[in-house]
Amino acid sequence: FIHEKLAKLKKEKIDFLAIEASSHGIEQNRLDGLIINAAAFTNLSHDHLDYHGNIKKYFSAKKRLFEKVISEGSNVTLNIDSQAFGDLFKICKKRKHKVMTYGEKGGDLQLTNVLDYEKGQIFNFSAFGRKFETSVPFSGKFQIKNLLCAIGIAVAHGHNIEKVIEVIPKLESIKGRCQLIATHPNGAKIYLDYAHTPEALKEVLSNLRSKIMEGKLYILFGCGGDRDKSKRIVMGRIAAKFSDGAFITDDNPRNENPKKIRKQILAGFLPQTGVMVKEIEKRQKAIKTAISKLKNNDSLIIAGKGHEDYQIIGEEKQKFDDMKITKEEIKKIAKKYKIK
């Protein structure tokens, strides 16, 4: 399938293409035979364990991209901050890949400072011994680190780094990635994020916590059914530790009992933490309830589905859009405040 699509793009004179090499696709040999000029590794997180069984097998699938799929001597960009970096670096050196590194700990591209401002983030980084400053119109340090990875890939392809940096402020945020989608008439901020793993949930909570000078930080999320069950209690613990309150609801329950999924998440909230937690069955009701609780300077993250405009219940994919529901609710509230 992918080979056919790529052949069509080639005929349409597409010169550059970036694709996600999923662990499923790598393990199922779906990328075999492709001519890949460069590969990058961003992270290893608690994800897809329902398919791989454990983190070791998950990592083995990812490693195969660098061990078998790409040709010897390829351009590779690696996240030096990842615990998996050492193992991957050894593989790359053995196969004579040309390695470029990025991260906060060091590397060829090192992130040195991030400053939040109203319209996004200003950040400083060093690249091959030179210092640069630029800005992006979106939130989340993790997005800047992903951007450094992309810069590394572009430079490895021979693009001038000054030319690359020129276009950075013009970039647009990906829908549903730490995206500010609404502001309550009382000033509270509402964000949408795709976080559906423990690491991603911690990342988005930590990022927004650093921006909040006053007010409380709330999180609304659930977990997908027929997927890795072991992450549910872990995500509950993270929400309990890094938020001031949580609304536990349904994500894409699929063929699992939604109540059982919510119960497994709630097991992560110990009474002694003192964090407010509410279990709300219907996601739309949960969103409306969470918004109604917001006070001046509070922030709410609606997590798990991000860009998705559907919800999977049983075998049925129903229309459901977190952003649309949120904006409609804020519009109703604004009318009560007599704000247009």
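Buried means under 20% relative accessible area, exposed over 50%, and partly exposed in between, with a 1.4 Å probe and protein chains only. Asn29, at 40% relative accessibility, therefore counts as partly exposed. Its phi is near 65°, a positive value in a residue other than glycine. Asn29 sits in the loop between helix H2 (23-27) and strand S1 (38-41). Helices (H or I, at least four residues) and strands (E, at least two) are DSSP runs, numbered from the N terminus.

This is a predicted model, in which local features need pLDDT of at least 70, side-chain atom pairs count only at pLDDT 80 or more, and totals for chains, interfaces and linings use all residues. Residues are numbered from 1 along each chain as its sequence is written, and side-chain values use heavy atoms, without hydrogens or water.

Cys178 also has a positive phi, near 50°, in a residue other than glycine. Cys178 lies in the loop between helix H7 (161-167) and S7. At 2% relative accessibility, Cys178 counts as buried.

Now the sheet. Six strands form an open sheet in the order S7-S8-S12-S9-S10-S11, with mixed pairing. Strands S7 (179-183) and S11 (276-279) are at the edges with a single partner strand each, so one side of each has no neighbour in the sheet. From one strand to the next, the twist averages 20°. Strands count as paired if DSSP finds at least two bridges between them. S8 (residues 189-193) and S12 (residues 299-303) pair in the parallel sense over 5 bridges. Lys189 stands opposite Ser299 in S12.

Helices come next. H8 (residues 198-211) lies across S8, S9 (217-221) and S12, and runs at about 155° to S9. Axes are lines fitted to C-alpha atoms, for helices over the stretch in contact, and angles run from 0 to 180 degrees between N-to-C directions. The axes of H8 and H9 come within 9 Å and cross at roughly 10°. The two helices are therefore roughly parallel, a label for angles under 35 degrees.

What about the core? A nonpolar core is a set of buried Ala, Val, Leu, Ile, Met, Phe, Trp, Tyr and Cys residues joined through side-chain atoms within 4.5 Å. The largest one has 26 residues, of which Leu201, Leu205, Ile219, Phe221, Phe269 and Ile301 touch the most other members. H9 gives the largest share of this core, 5 residues.

Note on methods: Contact means heavy atoms within 4.5 Å. Angles under 35 degrees count as roughly parallel, over 145 as roughly antiparallel, 65 to 115 as roughly perpendicular and the rest as oblique.
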